[in-house]
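The following paragraphs lead through selected features of the structure shown here.

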Amino acid sequence: MSANSFVDPELLRRIQALELQAREVAEGVLLGIHHAPDRGRSIEFAEHKEYSPGDDLRRIDWKVYAKSDRLYIKEYEDDTNITSLVLLDGSASMSYQGQRAREAGSPTKLDYARTIAAALSYLLLTQSDSVGLGIMGRGIHGFLPPRARQAHFHEIVARLAELDVEMGTDIGRALADAASLVKGRALIIIISDLLDDPGPMLKALSLLRHRRHEPVIFHVLDPDEIEFPFERLSLFKDMEGPARLLVEPRSIRDEYRRHFGRFLAGVKDECAGHGIDYRLALTTEPPALLLTSWLAYRAAASGSRNRR
Amino acid sequence: MSGLSFLNPWIALGALGVAAPIIIHFFFRRRARDFEFSAMRFVILSYKKVARKLLLQEYLLLAARCLMVALLALALAVPLIKKSVVGIKRGQRPIAAVFVLDSSLSMTRAQNNGALFDDARKDVEDWIAQLTENDRAGIVDAVRLTRTDMGSDHKKLAAALAAINPTYSPARMGDAIAMSASMLSDLSAMDRMVLVFTDMQRTGWTAPASKTTDLPPLYIIDMARDLKPDNLSLSDIAINWKALAREEAAQISVKVHNYGVADARKVLLRAEFGEETAAQGFVDVPAGGEAEKAMILTDVPSGAGAVRLMADDGIPGDNAQYFSLKGGHEVRALMVDGDPATGYLDAETYFLNQALNPRLYVRSRVSPRTVTVGELASVNFADYQAVVLANVGKLGPATVKSIKQFVQSGGGLLLTLGGNVDADLYNALWGDLLPRELRGVLQPYAGAQSASSVRVMHLETPASGAGQHPVLSIFSDVSQGDLGLAGFTKYFVMQQEVTPKSTVILRLTDGTPMMVEGRYGKGKVIVFASSADRAWNDLCIHPTYLPLFQQAVQYLADALMAKDSGRIFAGAVVELPVGSDVAGARVMAPDQKIFPAELIAEQGARRIRITDTALPGVYYVLLLRDQSSAPAAFSVSDADRTIVLNVDPAESDLARLSLDEIKARLGSGAVRVSAPGMQLDPDSPAATETHSYAALMLWALIGLAVMERALTRKG
């Protein structure tokens with residue numbers, strides 16, 4: 001696969017139209033569209049605030065005092081940049097592509113994840129944010145530290161292109177490794193099917209949150225994994241292990257859906273509990289649509305916070 | 001004792017097919033596709049949850065399929081389970097038993113090495129042998145309704161039993177059972193029972209003429225319970241005259257019924273006269289259906305015939321339908337015109353001549369020649385079969401003698417009267433040749449005796465039926481016209497008979513004889529009491545004139561075509577009206593046995609009654625004018641009448657009655673159905689009731705199929 005195939009110009013154009021506004025304040029110094037909540041160190045006036053004892057006297061706006069005989073201090077907005085780390089699941093299960101997805105021309109989960117990763121990287125770099133990349137397997141490998149230069153995009157895309165799946169995965173350990181690789185707060189974008197032991201994985205997510213990172217999860221799934229629509233007697237083989245099972249799919253469909261639904265609900269609830277942004281990404285859904293809706297959601301969420 | 005047997009035991013081997021689902025299940029499982037899947041953890045988790053249930057379903061499915069194969073094979077093999085429930089326990093009291101033997105035609109069906117009837121008779125023999133001298137037994141023939149006295153003499157009972165033979169008639173089971181109940185009515189101090197040995201054919205189970213209230217315990221020994229219906233039969237034979245281009249023909253049609261369970265293909269039907277095959281053809285008859293076959297007989301022969309169904313079926317006795325035919329022949333008739341005229345319409349014989357030989361319209365078998373009285377002297381009467389004297393007055397003694405000799409030797413004479421005839425002269429001239437003496441001419445008046453008030457009399461429309469005179473049988477076909485439309489204004493009145501010796505063929509509506517037949521020697525004489533032309537009546541301008549005189553002349557010449565397709569069934573009592581001159585009759589049965597018929601005279605009418613009609617076929621009747629002249633034997637050609645008897649088609653239908661239906665028909669009492677071989681003492685080899693479980697198995701099979709479908713959908 002060529003690197004360019006992950007970079008859908010149309011997708012990027014649409015994504016560029018939106019601003020990525022982090023929910024949480026990121027530290028950084030680059031001027032741009034990411035506004036830091038720490039007022040006072042920037043030259044760009046934000047608003048007036050009535051003086052209260054303890055405020056910096058240097059910030060009192062004397063002109064306003066002259067006109068209104070009341071003390072106000074000036075507040076300034078200061079633009080910052082954000083550090084992001086995109087973590088892509090490189091386990092074998094990510095190469096699954098269901099029958100319906102194949103017939104609809106939808107990609108494998110891995111290709112879908114690569115597209116999202118590349119698009120997000122481009123967007124972040126365009127906004128002068130620094131972006132890093134890590135591939136999740138039994139740990140983190142192929143790690144590219146976060147950088148803010150445009151040329152870095154090509155490295156990321158090249159790394160994504162040469163990515164090959166590996167048997168076995170340990171998302172919990174990979175997330176823990178990732179937490180130690182990033183200094184300071186970071187937007188950690190996890191793109192994975194999360195088909196791993198949920199206990200360590202959720203524990204690692206809570207660790208990220210504890211370290212004041214902002215994890216975002218794009219949960220990439222094929223529709224067949226949710227609906228289990230198979231009819232014929234099948235010998236199911238595990239993509240990441242030696243397990244095999246001969247079974248009439250119809251006989252376990254209801255049970256499968258119940259278990260899988262419980263798994264999805266558990267992940268979603270856990271993320272919500274830790275304030276982790278969670279998006280379910282079906283491979284049959286256009287990536288542009290997914291990112292657009294997600295960015296719109298983030299912009300709205302950020303706006304409401306600023307208004308408060 | 002109980003046991004399982006199969007009607008089709010070889011099919012039961014198909015039950016070994018239960019191995020098939022097992023082999024398929026374990027060795028030829030459906031080919032599964034290999035499938036790499038990502039969320040395997042959830043597949044395994046789900047499977048663990050339902051594995052036990054799935055395994056159970058799988059084995060249930062396997063069991064259902066095995067059972068279905070086994071049930072199908074067993075159902076097709078028709079399992080029969082015999083239960084030893086019908087031994088009759090001998091109590092303290094002696095036994096009074098009546099054995100009712102079904103001797104109907106359906107009991108002649110073959111089973112094993114003999115007929116059902118033979119098996120039944122053997123069973124009754126066995127039963128009689130079990131009775132002690134304190135017991136009483138009687139035997140009833142369910143067809144003839146004959147009975148023995150209740151007794152304990154085994155030899156007498158055996159002799160009575162041996163005298164019963166199968167018949168060609170249906171049983172009258174209701175009456176036979178009622179008769180049995182009456183035989184036992186005085187023996188209430190004994191253990192009473194009625195044992196009916198029958199094939200349970202529906203036809204024979206008629207309700208009794210009167211309900212029996214005191215019906216002893218009834219045991220029906222079903223002789224045909226394991227027999228499949230396999231009978232072909234003939235019925236509804238019909239004969240129609242057909243006019244072909246150059247000859248007359250008889251079309252014989254017959255219905256072929258198939259009361260079996262398999263289609264009958266290319267069944268050969270053969271119309272026979274004696275040993276000769278007159279016509280034959282093939283017919284296909286579907287199972288449970290019927291077909292009609294018609295055959296044409298040209299050059300219509302005379303005599304008895306039969307249509308035979310050449311097939312090897314259950315009841316051979318109903319494979320023939322009998323009929324009799326009498327083909328006509330050319331008749332040379334001499335017509336003597338007693339009142340010749342120059343205008344042909346005024347000639348006495350003009351209308352007769354047109355009627356007897358209507359060349360322009362239809363072919364006639366009568367060739368008339370007309371002469372005058374003066375020309376009679378040169379006539380050789382031996383050249384003719386019939387002579388018509390039309391309004392002929394006085395004749396010379398030599399001519400009269402010649403005519404009398406002609407009639408005496410077998411010729412036919414038709415006398416039509418008119419103005420030239422004088423009653424006294426005629427009576428004197430012809431004497432005992434006349435069927436009845438002439439009394440004089442009558443011209444009826446309505447009231448005052450004036451010419452304007454002449455009363456027009458009409459003929460009585462003849463009734464059709466068995467007693468119809470052969471001359472009039474043609475008028476059963478309404479297209480021949482209505483004799484009653486002709487008007488009579490003048491006619492001779494004939495002498496009333498004290499001792500009837502003539503037969504009235506036609507009467508006026510007031511009862512006056514208009515056409516009378518008499519016998520003279522071997523010949524026949526018919527007197528038509530009015531004129532043959534328009535002088536005294538207008539019959540000659542009615543369409544009925546032609547067939548009436550054609551038939552009369554052919555009858556006199558013994559050339560009338562006749563047919564009898566046997567609408568009377570064998571076993572029926574047959575009564576035939578006969579002339580008042582008949583003093584007795586002899587009957588020749590199809591087996592050549594000759595026996596007398598009973599003569600019955602009631603209210604001036606005579607008829608003969610024939611009761612010994614057990615055999616189907618043609619019966620020949622010789623009428624005797626003098627009882628003392630009864631011959632020990634006679635030939636078919638001498639017979640005056642033929643009677644054709646056929647088998648009652650209802651007896652060919654082998655549909656059976658269920659026990660519940662029998663109970664409903666009998667009205668009351670304990671009724672049990674048993675198999676042959678039932679014993680009096682339950683300790684001896686017990687008789688059994690056999691039940692078929694094929695239907696039950698088929699229902700179970702359907703239930704299993706539904707279950708299998710449900711399990712397959714789930715799995």
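In this predicted model, chain B contains an open sheet of seven strands with mixed pairing, arranged in the order S29-S35-S34-S31-S32-S33-S30. Strands S29 (568-569) and S30 (574-578) of chain B lie at the edges; each has a single partner strand, so one side of each is left without a neighbour in the sheet. Within the sheet, strand S31 (residues 584-588) of chain B runs antiparallel to strand S34 (residues 617-624) of chain B, and five bridges join them. Among these pairings, Met588(B) has Tyr620(B) of S34(B) as its bridge partner.

Strand pairing also links the two chains. S9(A) and strand S2 (residues 33-37) of chain B run parallel and are joined by five bridges, with Leu235(A) opposite Asp34(B) in S2(B). The contact as a whole draws 25 residues from chain A and 21 residues from chain B. On the side of chain A that touches chain B, strand S9 (234-238), strand S10 (244-247) and helix H9 (249-273) each supply at least two residues. H9(A) provides the largest share, seven residues.

Elsewhere in the model, helix H6 (residues 171-181) of chain A packs against helix H7 (residues 198-210) of chain A at an angle of about 15°, with the axes 7 Å apart. Angles under 35 degrees count as roughly parallel, and H6(A) and H7(A) are therefore roughly parallel to each other. The crossing of H6(A) past H7(A) is left-handed. Residues making the contact include Leu175(A) and Ala179(A) of H6(A), and Ala204(A) and Leu208(A) of H7(A). The contact residues of these helices are 10 nonpolar, one polar and one charged.

Definitions and conventions. Residues are numbered from 1 along each chain as its sequence is written. Chains are lettered from A and ligands numbered from 1 in the order in which they are written. This is a predicted model: local features need pLDDT of at least 70, side-chain atom pairs count only at pLDDT 80 or more; totals for chains, interfaces and linings use all residues. Axes are lines fitted to C-alpha atoms, for helices over the stretch in contact, and angles run from 0 to 180 degrees between N-to-C directions. Helices (H or I, at least four residues) and strands (E, at least two) are DSSP runs, numbered from the N terminus. Angles under 35 degrees count as roughly parallel, over 145 as roughly antiparallel, 65 to 115 as roughly perpendicular and the rest as oblique. A crossing is left-handed if the near helix is turned anticlockwise from the far one by less than a right angle, and right-handed if clockwise. Two residues are in contact if their C-beta atoms, placed from the backbone, lie within 7 Å. Ala, Val, Leu, Ile, Met, Phe, Trp, Tyr, Cys and Pro count as nonpolar, Asp, Glu, Lys and Arg as charged, and the others, Gly among them, as polar. Two strands pair if DSSP finds at least two bridges between them.
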